[in-house]
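Biologist: Could you put the model up so that we can go through its charged residues together? I will ask as we go.

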Amino acid sequence: MSDRRPRAGWRRPPAEQPAAPPPEPPAEPPTERPSVVQADLYRDGRRVSSPTSLAETFRQLREHPDGMAWIGLQRPTEEELHSLAAEFDLHELAVEDAMEAHQRPKLERYGDTLFVVLRAARYLDAQEEVDFGELHVFVGPDFLITVRHGAAPDLSTVRRRMEKDPELLALGPEAVLYAILDAVVDGYAPVVTGVQNDIDEIETEVFGGDPAVSRRIYELSREMVEFQRATRPLVGMLHGLMAGFAKYGTDEELQRYLRDVADHVTHTSERVDGFRQALADILTVNATLVTQQQNAEMRALAEAGFEQNEEIKKISSWAAILFAPTLVGTIYGMNFDHMPELHWAGGYPFAVVLMAAVCVSLYVVFKKKDWL
């Protein structure tokens, strides 16, 4: 950068020094953890070196001020980010955001440095779910720094693609930023396809009566909320970049590049909005079908209960009819000497007629009440 004031040198903070002196001279101290994915220097669109440490990257960039540094980090430490901030004069608010993930997509300009936050996405076929990653990008006059939080996106593909087009890469860090934007947006396409297949499967499961479909609808709806948070702010960001074409003298090729990316983002955002509405409608239909199924089950239970009551009525009626003659027979079967009609010649016919009359009377009563 022309306006940044590089330090005389860069060395690891004392806290990071190993307890025992290393066996080799500390020309390349173990400052670089696996968080430094790749660091390359480019001149006129072609890679001239691949330093193995941030310190070496800083030194070579100072020696060749007409070059461009492209540094890729994944979940860097605070020391690494602070060293980058000191070297490239990064704003402390941007550095603080880069340290912590879970930022919403946004575009901030701090002097001649752009700070961009992107949400990448990828579809996991095995789990049938969407995995989101976060990417922070610092863009300056002679450097581009990417900080990844998550597996997506794969920026090595972007690096190889840009190196195959030196003329485009020679346009500087801004061209790399647009290539990264294009890669993030292109990564949304497989997600859209996977989600569409999931929705088709869910519709089949809903009308098939699968009881587990409600949970799947809920989980996919939550993923679409996250997807919408990733794509909707990106539309405004790209339009903001396009609005600054004239002010910052953006190359015409890059303008066409960005307009194409903006079209894809708008299309993806509209698809995501459609997915959310479709899932809401499916959830309503599923709730209706579940209610209908529950009503049908309740109706079946009521009908079964009604039939059971009818059977109980019949059993109770016949039990009462059979109990009447038993009662009469029990009374006259008691062994007492002094009982009315006990020595009467017509006692037996009278008891039989009485039992028959009681049974017929009960039958007629139960019949009129539709118990029999």
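**Charges, burial and contacts**

Modeller: E92 counts as exposed because its relative accessibility is 63%, where exposed means over 50% relative accessible area, buried under 20% and partly exposed in between, with a 1.4 Å probe and protein chains only. This is a predicted model, in which local features need pLDDT of at least 70 and side-chain atom pairs count only at pLDDT 80 or more, while totals for chains, interfaces and linings use all residues. Residues are numbered from 1 along each chain as its sequence is written, and side-chain values use heavy atoms, with hydrogens and water left out.

Biologist: Where is E92 found?

Modeller: E92 is found in helix α3, helices being DSSP runs of H or I with at least four residues, and strands runs of E with at least two, numbered from the N terminus.

Biologist: And which residues gather in the patch of negative charge?

Modeller: E78, E79, E92, E96 and E100 gather there on the surface, and the elements giving two or more residues to the patch are α2 (78–88) and α3 (92–99). A patch like this takes residues with over 30% relative accessible area and no salt bridge, and joins like charges within 9 Å.

Biologist: Which residues in α2 are buried?

Modeller: In α2 the buried residues are E80, L81, S83, L84, A85, E87 and F88, and just after α2, D89 takes a positive phi of about 60°.

Biologist: Switching to salt bridges, how many does the structure hold?

Modeller: The structure holds 18, each being a side-chain nitrogen of Lys or Arg within 4 Å of a carboxyl oxygen of Asp or Glu. One of them joins the side chains of R119 and E226 at 3.7 Å, N to O, and this pair links distant parts of the chain, with R119 in strand β5 (residues 113–124) and E226 in helix α8, 107 residues apart.

Biologist: R119, is that buried or exposed?

Modeller: R119 counts as buried because its relative accessibility is 14%, whereas E226, at 26%, counts as partly exposed.

Biologist: What network of salt bridges includes E205?

Modeller: E128, D198, E201, E205 and R216 are linked in that network, and within it the closest N and O atoms of E205 and R216 are 2.9 Å apart.

Biologist: Last one, what does the side chain of Q228 make a polar contact with?

Modeller: The side chain of Q228 contacts that of D273 at 2.4 Å, a polar contact being a pair of N or O atoms within 3.5 Å, where within protein one must be able to donate a hydrogen and the other to accept it, and residues adjacent in sequence count only if both atoms are side-chain atoms. Q228 lies in helix α8 (residues 213–243) and is buried, with a relative accessible area of 11%.

Note on methods
Patches are made of residues with over 30% relative accessible area and no salt bridge: like charges are joined within 9 Å, nonpolar side chains (Val, Leu, Ile, Met, Phe, Trp, Tyr) within 5 Å. Accessible areas come from the Shrake-Rupley method with a 1.4 Å probe; for residues, only the protein chains shown count as cover. Lys and Arg count as positive and Asp and Glu as negative; His and the chain ends are not counted. The place of a charge is taken as NZ of Lys, CZ of Arg, CG of Asp or CD of Glu.
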